[in-house]
Amino acid sequence: MANLIVIGGTNVIALNMSYNVAVFTDINVTGLMNLQILDLSGNSCLYIARSFFDLFPNLTQLRLSNTYLSTDTFFNIGKRLLQPLSKLEILDLSSNSLGILPHDIFQGLSNLKQVSLSYNNLITIPALSGLPGLQQVYLSKNSLVTIDEDTRQTLDELALNGHKIHLSISGNMLSCNCESLSLLQWLNQTNVSVDGGDYPCISYQGVKTTTGTVNRRFHSLYLHCFSYVWLTVAVTGMSVLVVAMLVSFVFVKNKLKIKLILLRMIGRYVKVKKREDFLYDVCVLYADDVYQWVCHTLRDELEVRRGLKLYLRDRDEVLGADKPTELYNTMESSWKVVLILSPGFLASDFSLSTMSMCLSFITLTTPNRLNLIVDVNLNIPTNIDFFLESVNEENIYRYDINHVDANNPHFWNQIYHGVTAVDNK
C-alpha cells in the first residue's frame, strides 16, 4: 500500500481534486488531518481502500459524484468506508452506478444534513433513521417505483415541529396501483417539502400517467382496489371452502381406510382376512315374500352359473338351532352379506335387530361387507335412514324383483362384482 504525505497540510481546510482523472486504490494520504471539505468527483474510486477516509476525521463535506462507485463496491466495503466520518454534514454520491446500497450505510453519520443520491439506478432507499439533523435528500433520476413506508415515517418525524426537510424524487417512474394508495395519500398530506408533487407513474392498467392525475381520480382507484381485495378474499375463501369440502368428503368416504392406515402407522396391525378364510361366499338375508326369487332366480345366477357358495336359510339352516345365534354365526362365516329389502322384510319383527346385526359386521378390514338389494317398488320408511347411510352407495342395488326379466346380465354382473370385490384396496 502506497503512502502520500502532504507537507504543511495541517492548515488545509478544503481540497478540490475533481476531474483530475486520478485513480484512488490502496493508498494512504497523511498530513491533512484538519481537512473539512473534500471533492474527488470525476475521478475513479472504484477500487478505493476501505480505510481511505480514516485519516480525514474532520470532514464535513464529501463529494464523490461520478467516481465509478458501484453496488459491488459498497457491498464489498460496506459502511466501513464512511464510518470514520462522524462529523460529515454533506455527502454527494450522485451520478454513479448504484442500484442498491447497504441498508445501514448511513449508520453513525448522525450529523448528516444533506444526502445526494441522484442520477443512479437505485431501486430501494437506505435507512434514513438515526439522522436527526437531516434536511435535504436528493433521489431524483433513479429507478424508484415507490417510497417505502419506513422512509416516509422517518421523514414525517423529522418534519414535525416545523423542522424543514426537502425531498427530491423527480425523474423516477413511480407505480400507481393498489399497493401505492398510501404513497399517493402521503404525497398530498405530508409536511415534507417535495419537488413538484406531480411525478410520472404507471397506473394499475399499465398506462403511463402522473401521480397528480391519479390523485384526482383517487376515489375511483380506491374503489377498484377495495373491490379487488374483496374479490380476492371471496375467491380465496371459496377455494378454501371447496378444498375443505372435498377433503371432508374424501375423509368421510374413506374414514375406515384412513383409520386402518393410522392404526398400522402406530403399530396396531389388524390382520385382513381373505375370501378363502370364510365358509360361505355370501350370506343371503331375505323374507318369505321373495322366497321364490331368492331360492330360484338368485341362486341360479350366483351359485349355479357363477360358482359362488351361498347361505340360504330355507336350505342351509340347522333345524332346532337358536335363530339369532345361527344368524350371527352364519354372517360371521360369510365373506359378504346380501340383505334384500322388501316389504315383507320391513314388516318382520326381526327387521331392526337384523339390520343392527348387519352393521356390526362392517369393520375396518371389511368396510364393504354388507350389500343391499332394494326392491324398486318399496316405500322406504324414514326410521331406517341410519342403516342406509351406513352402507356405501356402490353396494346398494335396485331391482324390480316381481316384474323385470330375471335374466338381466347387467344387474347380476353388478351383484357378482360387488360380492367378489376385495375390501382393503
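Confidence in the protein chain is lowest in strand 1 (residues 2-5), at a mean pLDDT of 69, and highest in strand 7 (residues 114-116), at 97, where pLDDT is the predictor's confidence in each residue, from 0 to 100. The mean over the protein chain is 85, and 92% of its residues reach 70 or more. Where pLDDT is low, the predicted coordinates should not be read in detail. This is a predicted model, in which local features need pLDDT of at least 70 and side-chain atom pairs count only at pLDDT 80 or more, whereas totals for chains, interfaces and linings use all residues. Residues are numbered from 1 along each chain as its sequence is written, and side-chain values use heavy atoms, with hydrogens and water left out.

**Sheet**
- Eight strands, paired in parallel, form an open sheet in the order 2-4-5-6-7-8-9-11; strands (E, at least two residues) and helices (H or I, at least four) are DSSP runs numbered from the N terminus, and two strands pair if DSSP finds at least two bridges between them.
- The edges are strand 2 (14-16) and strand 11 (193-194), each of which pairs on one side only.
- Strand 2 pairs with strand 4 (residues 37-39) in the parallel sense over three bridges, and Leu15 has Leu38 of strand 4 as its bridge partner.

**Thr71**
- Thr71 lies in helix 1 (residues 71-77), and its side chain reaches the backbone nitrogen of Gly99 at 2.8 Å.
- A polar atom of the Thr71 side chain also lies 3.4 Å from the backbone nitrogen of Ile100.
- Apart from neighbours within four places in sequence, Thr71 is in contact with Ser97, Leu98, Gly99 and Ile100, contact meaning heavy atoms within 4.5 Å.

**Lining of the second largest pocket**
- The elements giving two or more residues to this lining are strand 14 (280-285), helix 9 (323-332), helix 10 (343-347) and helix 11 (351-359), and helix 9 provides the largest share, five residues.
- The lining residues divide into ten nonpolar, six polar and six charged, with Ala, Val, Leu, Ile, Met, Phe, Trp, Tyr, Cys and Pro counted as nonpolar, Asp, Glu, Lys and Arg as charged, and the others, Gly among them, as polar.

Conventions. A polar contact is a pair of N or O atoms within 3.5 Å; within protein, one must be able to donate a hydrogen and the other to accept it, and residues adjacent in sequence count only if both atoms are side-chain atoms.
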